[in-house]
Amino acid sequence: LCLGLEYGVADIYERVTPATAELLKWWFGEDMVAARSTLNFHAGQRQAILNAIVAHEVLKSNSLLDLYQQAAPDALLTGGRLNEVTQAKHAHPKYCLKMATGTGKTWVLQALLTWQLLNKTAVQAEGIDDPRFTRQFLIVAPGLIVYDRLLDAFCGKQIDGVRNFATSDVAQFAELFIPEAYRELVFGFVRGNVCSKTEIGLKATGNGMIAIANWHLLADVEEVGSEEEITASGAMLEPQQIINAVLPLTPGRATGNSLEMLDRRYARGNVLEFLVGLPDLMVFNDEAHHIHELKKEGEMSEVEWQKSLNRVAVSKGCRFVQMDFSATPYNDVGSGKNKRKLYFPHIITDFDLKSAMRAGLVKSLVLDRRKEIGALPLEFKAERDEDGNPCLSEGQRVMLRAGLQKLKKLEVDFARIDPVRHPKMLVVCEDTTVSPLVAQFLCDEGLPEDEVMSIDSGKKAELGEKDWAPVRERLFSVDQHATPRVIVSV
């Protein structure tokens with residue numbers, strides 16, 4: 001379908017809407033690619049975008065079974081595949097994009113969001129109701145770091161507590177994502193319709209939404225009022241259970257009767273109902289391999305937030321679209337010699353780690369086999385002194401000194417190529433009792449304090465939101481500044 005795409009003569013141009021055709025020419029047309037020079041999608045991103053558009057817009061698949069029947073009917077005849085894809089949880093358009101970590105999944109996500117937005121806007125202007133397109137989006141992150149990264153990508157980096165839209169991916173790479181005629185439309189939509197996890201269902205948005213949440217939000221909603229809390233019928237309930245069942249929410253002890261806290265908790269409980277009530281929705285699951293837990297083969301147990309998504313999907317039919325991104329879209333089945341990978345059934349594109357490394361797109365592993373290090377009997381774990389306090393082993397000290405030498409060499413090499421790119425040394429410690437020792441050792445070796453940054457999992461809680469914000473800003477833009485040179489973590 002896409003042969004001749006770059007020359008504007010591919011069959012796909014006859015099978016898609018005018019808005020999609022315009023985007024394909026902008027993204028992949030020979031003249032446009034040449035004009036942008038290095039700012040272009042690589043082969044893995046291109047394949048992911050094209051396969052998603054073909055599966056959803058050209059084949060108009062309204063369920064996973066429908067997609068198999070059109071694209072791979074023979075696969076339905078093998079094993080239990082037919083039984084698997086006819087399950088209720090696959091009864092809507094559902095696609096998984098397998099892309100190696102570090103190969104730019106967020107760019108693909110933003111391209112697909114732009115494709116949906118421009119098409120929905122165009123058909124609405126003509127008074128057409130096309131179920132393939134939407135202006136309602138939910139992006140689910142696997143954790144807080146990715147959640148913050150997504151907010152950076154859409155709203156811009158946070159500086160002194162304020163996000164600067166000019167530093168967002170949408171604005172910085174608009175030359176790639178959006179044809180010139182549509183930039184103001186897309187910019188306006190993103191600036192006015194992005195909702196953080198605390199704003200979903202509360203923020204007034206204009207004809208659409210880009211809701212960004214981490215999976216915990218959906219899991220929390222599902223767990224509230226769970227029937228599983230009552231273990232036996234007829235058993236006496238605890239007073240607190242009765243209160244929780246009767247009242248929608250109660251004040252917390254720490255904040256007393258804070259209306260702000262009550263509002264926030266009530267809103268979180270209503271996020272799921274809000275999403276259920278939307279007429280259509282496209283969900284992007286970042287790192288989607290977190291969705292499933294497999295207890296044994298054939299017995300799939302979805303984690304709580306996927307149950308929530310299933311509930312959101314039920315009322316929408318083919319107007320609920322699920323786009324899963326994952327580098328490892330499989331579950332491990334069995335154990336020992338019998339252990340094997342059971343891949344998700346809805347993978348539509350595969351850009352694996354080997355392909356990404358061959359293309360020079362991801363970090364390649366370099367093993368340092370220096371003779372002077374290899375000859376030493378190195379111990380990489382901390383030792384204990386007479387009082388039981390941890391202290392760095394000689395092996396750790398040798399490795400840290402070697403790392404500093406390597407860093408200095410890289411800094412000289414980088415400076416020759418590009419003086420505004422700064423290599424960093426990352427020290428991964430065994431636990432939080434060791435990281436302060438490493439930071440102190442590096443300072444003893446001559447590094448000023450501002451050149452060593454310690455970041456542990458409890459740092460945010462330890463500092464509090466106000467003091468954490470500047471640390472987070474410094475960490476998220478670390479490659480743009482000369483300091484810190486070394487990051488110490490666990």
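A residue is called buried under 20% relative accessible area, exposed over 50%, and partly exposed in between, with a 1.4 Å probe and protein chains only. The model is predicted, so that local features need pLDDT of at least 70 and side-chain atom pairs count only at pLDDT 80 or more, while totals for chains, interfaces and linings use all residues. Residues are numbered from 1 along each chain as its sequence is written, and side-chain values use heavy atoms, leaving out hydrogens and water.

**Exercise 1.** Determine which residue forms a salt bridge with Arg-485, and whether Arg-485 is buried or exposed.

*Solution.* A salt bridge requires a side-chain nitrogen of Lys or Arg within 4 Å of a carboxyl oxygen of Asp or Glu. The partner of Arg-485 is Glu-411, with the closest N and O atoms 2.9 Å apart. Arg-485 lies in the loop between α20 (459-476) and β18 (486-489), whereas Glu-411 belongs to helix α18 (residues 394-417), so the pair links distant parts of the chain, 74 residues apart; here helices (H or I, at least four residues) and strands (E, at least two) are DSSP runs, numbered from the N terminus. Arg-485 counts as buried because its relative accessibility is 14%, while Glu-411, at 23%, counts as partly exposed.

**Exercise 2.** Find how far apart Asp-413 and Arg-416 are in helix α18.

*Solution.* Asp-413 and Arg-416 are three residues apart in helix α18, which means that about one helical turn separates them. Their salt bridge has its closest N and O atoms 3.1 Å apart. Asp-413 is partly exposed at 26% relative accessible area, whereas Arg-416 is exposed at 65%. Together with Lys-409, Asp-413 and Arg-416 are linked in a network of salt bridges.
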